[in-house]
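Welcome! Take a look at the sequence and the model first.

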Amino acid sequence: MVNKVSIERLSTGVEGFDKLLQGGIPRGFFVAVVGEPGTGKTIFSIHFIAEGIRVGDKNIYVTTEESKESIIKQAAMFGFDFEKAINEGKLVIIDALMGYRDDPWSLTDLDVESLVNKIIEAKKYLGYGRARLVIDSMSAFWLDKPAMARRYSYYVKRVLYRWDFTALLTSQYAVTTSLGFGFGIEHVADGIIRFRKGVVRGELRRYVIIEKMRQTEHSLRMHEIEIVNEKGMRVKAPTMYRKEDTVLPTSVAARMLAAELKKLLEISELGENEET
Ligand SMILES: Nc1ncnc2c1ncn2[C@@H]1O[C@H](COP(=O)(O)OP(=O)(O)OP(=O)(O)O)[C@@H](O)[C@H]1O
Ligand SMILES: [Mg+2]
């Protein structure tokens, strides 16, 4: 007889998403949330934190590409009161964009060690117990040294592992070729959630696919999602993957790919220099 293994899972807070994952993300997992600009990574992360606030988890949101105010405003558009959660000591937003000197939760240096220290400080402030962490995005920390992506991701996971976090780490993707900007996060991650977009008959559509989730019999289908004002993100029905919906004409893609390869060659040369 097969022993039934029971795994504690955290709801993502996105309607229709948890059932693609046997109920949610396993506690303690570090999950990469990847995709092109505007595909929904930040909004997905906001839902995950809003759900944490609702169920009484400790919550930390690190924002590198938008200000803290922008995240609060975006959350408010979907009916989540992040301001209140901050005042009640349920949420800390670490602002790594603005670098306000008078905000103790502002991050003035974009280096991984300061980031990890700040996160631990925030966790101590929030107190003992199950916690949710979002780092949106990780790419910002290796902007000028992409060859370090994997090492940095590993460092973050190794140090933060003991602090009872279930974490989403977002990362951008090159718009057309789907090559990761700072590949490496996926190998370290326990799961990969990939957002995609495409124009179908003149209309922008967004999709999500779970590419990896350890210890989980997850959906293998690409699902269409929608983002609705005052409501937020919702998973729609599974969709047939049509290559032409998400891929550029071959000639354009080939040119972009050539440019990416050139960049990668430069990166690997940079990496070799860093190793020595
Ligand atoms: N209130 C709203 N109502 C409906 N759609 C919205 C609303 N707010 C944002 N959106 C949609 O969500 C998109 C932004 O999604 P999101 O910020 O999650 O993208 P992202 O993947 O984080 O992008 P980036 O990599 O640039 O940070 C907008 O481009 C818009 O289409
Ligand atoms: Mg974003």
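Why does glycine 23 count as partly exposed? The answer is a matter of neighbours: glycine 23 has 15 C-beta neighbours inside 10 Å, so it counts as partly exposed. A residue needs 20 or more to be buried and 12 or fewer to be exposed, and partly exposed lies in between. Please keep in mind that this is a predicted model.

**The protein as a whole**
- The secondary structure comes to eight helices and eleven strands.
- The protein has 276 residues, and 38% of them count as buried.
- Among contacts with a separation of 6 or more, 67% come from residues 24 or more positions apart.

**Around glycine 23**
- You will find glycine 23 in the loop that runs between strand S1 (9–10) and strand S2 (25–26).
- Leaving aside residues up to four places away in sequence, glycine 23 touches Arg9 and Asp18.
- From C-alpha to C-alpha, glycine 23 lies 7.5 Å from leucine 10, although the two are 13 residues apart in sequence.

**Helix H1**
- Helix H1 takes in residues 41–55, which makes 15 residues.
- From its first C-alpha to its last, H1 reaches 22 Å, close to the 21 Å expected at 1.5 Å a residue.
- H1 is mostly covered, with 13 of its 15 residues buried.

How values were computed. Residues numbered from 1 in each chain as written. Chains lettered and ligands numbered in written order. Predicted model: local features only at pLDDT ≥ 70, side-chain atom pairs only at ≥ 80, totals over all residues. Helix = DSSP H or I, 4+ residues; strand = E, 2+ residues; numbered from the N terminus. Expected span 1.5 Å × (residues − 1). Contact = placed C-beta atoms within 7 Å.
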